[in-house]
Amino acid sequence: MSGRLDRRVTAVAEELLQRKKVVAPLEVLSGLGWLGSRSVQSWELGREPHLDSLASVAPDRLAEAVAFLHQWAAGKGLRKSEVDYVAATRDRRPLRFSRAGDAEVEQAFRTQWTDPGLSGARLAKVTQRQTKAPDLVVISPDKRWHCAQCGETGEFHFLEDEKPLCLDCADMGHLVFLPSGDAALTRRARKASGLAAVVVRWSKSRKRFDRRGILVERAALDSAEEQCLADEDLRERRKARDRSRRAAQDLVFQAAFAERISELFPGLAADRAQAIAEHAGTRSSGRVGRSAAGQALDEHAVTLAVVAAIRHEETDYDAMLMAGVPRATARERIRDDIERFLELWRRV
């Protein structure tokens with residue numbers, strides 16, 4: 001089991017190093033599927049006192065993975081540094097990884113590694129990104145609420161120690177709302193604003209907070225709008241080039257994913273492997289192929305993509321759901337069918 005975990009940690013870390021030029025334990029554990037984005041966000045917002053209680057595995061398993069990560073980084077000769085993690089609260093309180101709060105454990109989680117071949121300018125950019133404090137987060141509520149200090153209500157509230165504050169009581173009443181949709185306008189307004197906050201709203205269907213926009217100072221928004229109007233044509237041409245580049249990257253990744261499927265399941269037809277890869281690897285789909293483990297072509301992630309294809313295309317699973325069968329019950333009923341197909345496709 002340890003050998004398999006070592007390989008999984010290595011695969012995720014290698015992918016992060018290639019893609020981001022920096023590897024941090026938190027991102028590796030997320031790539032392994034042990035920490036969900038909702039849990040990490042809750043911890044960053046200061047709602048959870050320690051991160052290890054939110055993981056899907058025991059603390060000793062987390063420590064084992066981090067130990068493997070340290071060994072891998074030492075073997076690669078990567079540049080080592082430490083990052084201070086602070087909460088997205090007004091007091092910017094330090095975040096804690098472990099329930100015990102052991103100094104060595106906390107240091108192990110704070111340690112990150114960067115590619116020693118990075119230029120000085122690129123290293124400074126990567127370091128700035130990693131050490132940046134998380135954004136303040138304001139919630140667009142989906143139900144009635146009242147400020148814990150003044151008793152008033154409003155369109156947004158800021159949570160502090162699990163108590164909602166109106167923007168005036170949170171010292172953000174002078175900010176204006178900029179909805180999501182224009183990346184350049186948002187980026188420029190955020191950069192020019194001395195105080196800013198991300199606005200999120202809970203999505204019942206996706207079971208997570210979705211970003212809805214930002215709150216910025218009025219002068220910053222006015223300045224950003226003027227800049228965007230001045231270079232609108234240039235940005236449209238750049239967007240078109242970026243779309244073409246991303247499409248080419250997707251084709252390369254999906255081909256590699258299909259090849260990995262064929263390696264693990266040689267009995268599966270090549271065109272079927274390609275179809276599964278294209279579905280699982282669709283950009284912004286949220287499917288397993290776009291996860292860190294999927295992009296690292298991790299065996300477990302690739303197998304999950306094949307299992308999903310079997311579930312929806314080779315069994316009566318979808319019909320059961322339409323008939324009102326509970327999801328867990330439907331999955332249990334088709335378990336043997338999935339194992340049968342996996343065994344069949346693993347044969348040459």
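Predicted model: local features only at pLDDT ≥ 70, side-chain atom pairs only at ≥ 80, totals over all residues.

Visitor: What describes two packed helices in general?

Guide: The angle between their axes and the distance between the axes. For α12 and α15, the crossing is also right-handed.

Visitor: Which residues make the contact of α12 and α15?

Guide: From α12 come T303, V306, V307, I310 and R311, and from α15 come I338, F341, L342, W345 and R346. Sorted by class, this contact has 7 nonpolar, 1 polar and 2 charged residues.

Visitor: At what angle do α10 and α12 pack?

Guide: Helix α10 (residues 270–280) packs with α12 at an angle of about 100°, and their axes are 10 Å apart. The two helices are therefore roughly perpendicular to each other. R272, I276 and A280 of α10 meet A305, V306, A309 and E313 of α12. By class, there are 5 nonpolar, no polar and 2 charged residues in the contact of α10 with α12.

Visitor: Now a single residue. Where is D231 found?

Guide: D231 lies in the loop between α8 (218–230) and α9 (232–264).

Visitor: Is D231 buried or exposed?

Guide: Buried means under 20% relative accessible area. D231 has 16%, so D231 is buried.

Visitor: With which side chain does the side chain of D231 make a polar contact?

Guide: With the side chain of R188, at 2.6 Å.

Key. Residues numbered from 1 in each chain as written. Heavy atoms only, no water. Left-handed = near helix turned anticlockwise from the far one by under 90°. Helix = DSSP H or I, 4+ residues; strand = E, 2+ residues; numbered from the N terminus. Contact = heavy atoms within 4.5 Å. Nonpolar A, V, L, I, M, F, W, Y, C, P; charged D, E, K, R; others polar. Axes fitted to C-alpha atoms, helices over the stretch in contact; angles between N-to-C directions. Parallel < 35°, antiparallel > 145°, perpendicular 65-115°, else oblique. Buried < 20%, exposed > 50% of the residue type's maximum accessible area, 1.4 Å probe, protein only. Polar contact = N/O pair within 3.5 Å; in protein donor to acceptor, adjacent residues only side chain to side chain.
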